[in-house]
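Please read this briefing beside the sequence and the model.

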Amino acid sequence: DGCGHTVLGPESGTLASINYPQTSPNSTVCEWEIRVKPGQRVQLKFGDFDIDDSDSCHSSYLRVHNGIGPNRTEIGKYCGFGFHMDGLITSKSNEVTVQFMSGIHTSGRGFLAAYSTTDKSDLITCLENASHFSEPEFNKYCPAGCVIPFADISGTIPHGYRDSSSLCMAGVHAGVVSNTLGGQINVVISKGIPYYEGSLANNVTSKVGPLSTSLFTFKTSGCYGTLGMESGVIPDSQITSSSILEWPNQTGQVNIWKPENARLKRIGPPWAALTSDEHQWLQIDLNKEKKITGIITTGSTLAEYYYYVSAYRILYSNDAQKWTVYREPGMDKDKIFQGNTELYQEVRNNFIPPIIARFFRINPLKWHQKIAMKVELLGCQFSIGRAPKITLPPPPPPQNKNDEKNADFIDDFIHSVKTSLQTDKTTFTPEIKNTTVTPSVTKDVALAAVLVPVLVMVFTTLILILVCAWHWRNRKKKTEGTYDLPYWDRAGWWKGMKQFLPTKSAEHEETPVRYSSSEISHLRPREVPTMLQTQSAEYAQPLVGGIVGTLHQRSTFKPEEGKEASYADLDPYNSPIQEVYHAYAEPLPITGPEYATPIIMDMSSHPSTPLGVPSISTFKAAGNQAPPLVGTCSKVLSRTDSASSAQALYDIPKGQLGPGSADQLLYQVPQSVAHSTGSKDE
């Protein structure tokens, strides 16, 4: 009469003294006999131990034995208030006897212990919660029997459970482990939430909980998706029932609560049976074998019709002819699932292990007023590997009756092997592909995955090419519309622009320009400007009269448009000048020099110079008249603001104080007043 909460499973279990966690009664005794599979051993762990030790374990104690029966041997005898045992008590065989004796005492809660086989090294008891562990993620083994009335949990899946909740009891509520079998849990700790919802699942009630610093959830296989009742993936034609409730309402309209109404969260009436007895059923055809891990049910969800199913059985089949009632492993009784306690709340029950079947049937056993419900199935797709092909050598032709019997035996043997392979095909590891719908053909998906990016890249490239071409065309039109040279003049324009490039050094710019009269005398009039331009000049050369050949590196003048002029043309300085204002520059002030200072050379006395040809100059003089000749003197004059000024600002030829001979004329770089600081004295 001293036995309390007790669940003895094939591999694990839980046992407690009577009245735990309250004070155990006096003069009580209980004895538990634990057996596991042969070849294994038993380990025992205490979650709480509080037994009176006032008489040194004489009348109140807990004793553990190896074996069962009269041949058992004692492992240990224990007592004490708040006794804490860190290690495990391990047996020497697969059988253990636990004996509890309670004498005369005034206090003491008794004990709670868990057991398992020795291969479960991470065994915990039903009293452990997440706050007892500091790791952010850990694995533990929960024993069977952790649905205990004196433990609380708060929360639900998928949001999580409060950290004060019992780990193993929350695992049962979440459908991760079975209360009759126990199992492994993978726990993940995370930040808490302000509010924890309550729900009813797997015969465990989760309470509403307040804010906590942390919460925990479980890692699972992920096979908990809906299978199509709510979403409509399962068509109406695949939902049938044993009977349908029909009746006219007050207005005379006939109400029909058909089986296709049994879709969870569907607005309207549910499915209801015409007669309420234990022979009614609701059947769902999944169209092919699927892995079913759970079910969610509600009542009628109509306030005026307070109907719901409070208990039911589950049957399954692959051909809708031969049905199997769901049972937990190792149990010889049908599993009775707890249903709803009212018409609105959703109640979940999980199948551990899951059901592999095509046809699923619900058989109500208890109900309130009438059988009425809405359901949803949880699970995922299930695919099986093909059985290996059996290849045996063909038997020889039978010679007598005995040989015929042997041949028949071989045929029967092959048939039995194939049958066994087909029967055992559901034991292969399932391949989870989807949770709601049948996966499509992967070839089309792979082809689309290749073609779509290629097409996108091709169209993107074409668009970029068109945009770039349009942009280049507009830019070209804009450039040609604002300022453009004639086709025959673009090369000269480029030579003029080259003066802005840093291609000359300072030393080269300061090198004096030396001209020899003998060299000049051998040149024709047209070659003189070319000879002058081949040397480095300090001043920019103007482009006048359309003479393209005078462009130089440092030219800052824009060529005038017009026909190309030659040296045979009349002097452009003799032609009247029309005032033309271009858009690219403002007119120069009248007071300042309009062009660079000219170097005027008198070539009239040279014998090679023909009569009537004016002296060569690459600069334009002030006014509209050509500069006058100065005779045989090759003195260099400078143009000042006044055209009549004869003051020479340039050096005369070296070695002479006046006009020199025509045999050797050597000139220096002009020494300008404004640029005198940058010249180099000889």
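**Strands, a cavity and a core**

Five strands form an open sheet in the order β1-β2-β9-β4-β7, with antiparallel pairing, where strands are DSSP runs of E of at least two residues, numbered from the N terminus, and two strands pair if DSSP finds at least two bridges between them. Its edge strands are β1 (3–8) and β7 (89–90), each of which pairs on one side only. This is a predicted model, in which local features need pLDDT of at least 70 and side-chain atom pairs count only at pLDDT 80 or more, whereas totals for chains, interfaces and linings use all residues. Residues are numbered from 1 along each chain as its sequence is written, and side-chain values use heavy atoms, with hydrogens and water left out.

**Strand pairing**

- Eight bridges join β3 to the antiparallel strand β8 (residues 95–102), where threonine 97 is the bridge partner of glutamate 33.
- Strands β19 (residues 245–248) and β20 (residues 254–257) pair in the antiparallel sense over four bridges, with glutamate 246 opposite isoleucine 256.
- The β19 and β20 strands form a hairpin with five residues between them, and glycine 252 in the turn has a positive phi of about 90 degrees.

**Cavities**

- There are five cavities of 30 Å³ or more, a cavity being a set of points on a 1 Å grid over the protein atoms alone where a 1.4 Å probe fits but cannot get out, and lining residues having an atom within 4 Å of a point.
- The second largest cavity has a volume of about 60 Å³, and its lining comprises three nonpolar, seven polar and two charged residues.
- The largest share of that lining, three residues, comes from β8, and the lining residues include Asp50, Asp52, Phe100 and His105.

**Nonpolar core**

- In the largest nonpolar core, of 26 residues, Ile314, Phe351, Ile355, Phe360 and Ile362 touch the most other members; such a core is a set of buried Ala, Val, Leu, Ile, Met, Phe, Trp, Tyr and Cys residues joined through side-chain atoms within 4.5 Å.
- The elements giving two or more residues to this core are β22 (282–298), β23 (308–317), β26 (347–368) and β27 (372–381).

Methods. On a 1 Å grid over the protein atoms alone, a cavity is a set of points where a 1.4 Å probe fits but cannot get out, and a pocket is an open set with protein on both sides within 12 Å along at least five of seven lines; lining residues have an atom within 4 Å of a point. Grid points are joined across faces, edges and corners, and a volume is the space filled by probe spheres set on the points. Ala, Val, Leu, Ile, Met, Phe, Trp, Tyr, Cys and Pro count as nonpolar, Asp, Glu, Lys and Arg as charged, and the others, Gly among them, as polar. Buried means under 20% relative accessible area, exposed over 50%, partly exposed in between (1.4 Å probe, protein chains only).
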